[in-house]
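Hi there,

Here is the structure I promised to pass on to you. Please open it alongside this email, and my notes will follow below.

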Amino acid sequence: MKKIGVFGVNGVVGRLVLKELERAEVKAEVQHFGREDLPTPVDIAILCTDDKISETLASQLKDKAKFVIDMSARFRLDKDVPLVIPEINANTITKDSWLIASPNCTITGLVMALNPLKAKYNLQEVFMCSYQAISGGGKKLLEDFEQESSLYKANCVPQIGSLQENGYTSEELKCINETRKILALPNIKVRPHTVRVPALVGHSLGVSLRAKENFDIKEIPALIASQKGVVCDGKIYTPKEIAGKDEVFVSRIHLDSEDKNMLHMWITFDNLLKGAALNGRQIAQYLLEKMF
Ligand SMILES: NC(=O)c1ccc[n+]([C@@H]2O[C@H](COP(=O)([O-])OP(=O)(O)OC[C@H]3O[C@@H](n4cnc5c(N)ncnc54)[C@H](OP(=O)(O)O)[C@@H]3O)[C@@H](O)[C@H]2O)c1
């Protein structure tokens, strides 16, 4: 039986990865690693830790793990590291891939909705404003949110991650770069605003998309719904309703009233599931099925 080691088991994502492995009845022996535990040999290591700890663990696991799946941002843009959403680009994993990165939770929903459109339209530009849940900030932010004095109570905070010299936040740069890498569209223009809102679970995105050609609005909902893992059925979804669900929910699709090559939509999905633990578990299953 193959061994899967989950690192960061006491964190928000780590706990859910354990649940996901159990829920999917993944055929592997699962080992738990917390802050105090030294890495021991495993077939697949899943790192549910921050950038710095993932970097340290990755170097400690060099000759101790056949594959490493990292949930952090540390390696996502490295040239030789596949950045994977299995429904979209599992084929970027090869037998030589050692570390596979799971993407930023915010753009997971975006690329799941854009991927089926990409096959038919020449996508040029995406404007997005995110409405990101508190759980996206991990244990510390959830604890902070329990305090009456929390900045996030009954508020919207337009800074996620660190503020950069160019005025973007680190979260917004991830949205730009990771969208380009996953969709293999290096020139698509991504224009993000990322905002933390007082929803506990479920990230949402207000998206406006520009293509080279006019969109045929009659075919768009079915085209988006053809993406495995996406629900697009004409209903309007909110994060509260979809928390705990696996799919990415796309609604409010309409053409721009002036430019027929612009489309607007609302996307909501569970940041802890498809945005993290579910995606990580799917990558692990793919490795178990195809790479051993
Ligand atoms: N939350 C999300 O929606 C989301 C989505 C996608 C990706 N991610 C990424 O996933 C990673 C984990 O996020 P999170 O939200 O679960 O954060 P979190 O709740 O802060 O959990 C991080 C965990 O790492 C543990 N840890 C620290 N040093 C360790 C070590 N040396 N060995 C093993 N574990 C160690 C911490 O231990 P203690 O409990 O002892 O402090 C903590 O339990 C981050 O890189 C995050 O950016 C998060």
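Predicted model: local features only at pLDDT ≥ 70, side-chain atom pairs only at ≥ 80, totals over all residues.

The ligand has 26 residues around it, and Gly8, Gly11, Val13, Ser72 and Gly138 come nearest. Helices α1, α5 and α9 are the elements that each supply two or more residues to this shell. Domain 1 (3–103 + 276–290) and domain 2 (105–270) both contribute to the shell, so the ligand lies between them.

Now to α1 itself, which covers residues 12–23. Its twelve residues reach 17 Å from the first C-alpha to the last, close to the expected 16 Å. Which of its residues are buried? They are Val12, Val13, Gly14, Leu16, Val17, Glu20 and Leu21. After α1 comes glutamate 25, with a positive phi near 50°.

Finally, have a look at glycine 202, in the loop between β7 (189–196) and β8 (203–211). Glycine 202 counts as buried because it has 29 C-beta neighbours inside 10 Å, where 20 or more are needed. Beyond its neighbours within four places in sequence, its contacts include Ala133, Pro239, Lys240, Phe269 and Asp270. The C-alpha atoms of glycine 202 and leucine 273 are 9.1 Å apart, although 71 residues separate the two along the chain.

Best wishes

Key. Residues numbered from 1 in each chain as written. Helix = DSSP H or I, 4+ residues; strand = E, 2+ residues; numbered from the N terminus. Expected span 1.5 Å × (residues − 1). Buried ≥ 20, exposed ≤ 12 C-beta atoms within 10 Å, placed from the backbone. Near = placed C-beta within 6 Å. Domains from an automatic or database assignment. Contact = placed C-beta atoms within 7 Å.
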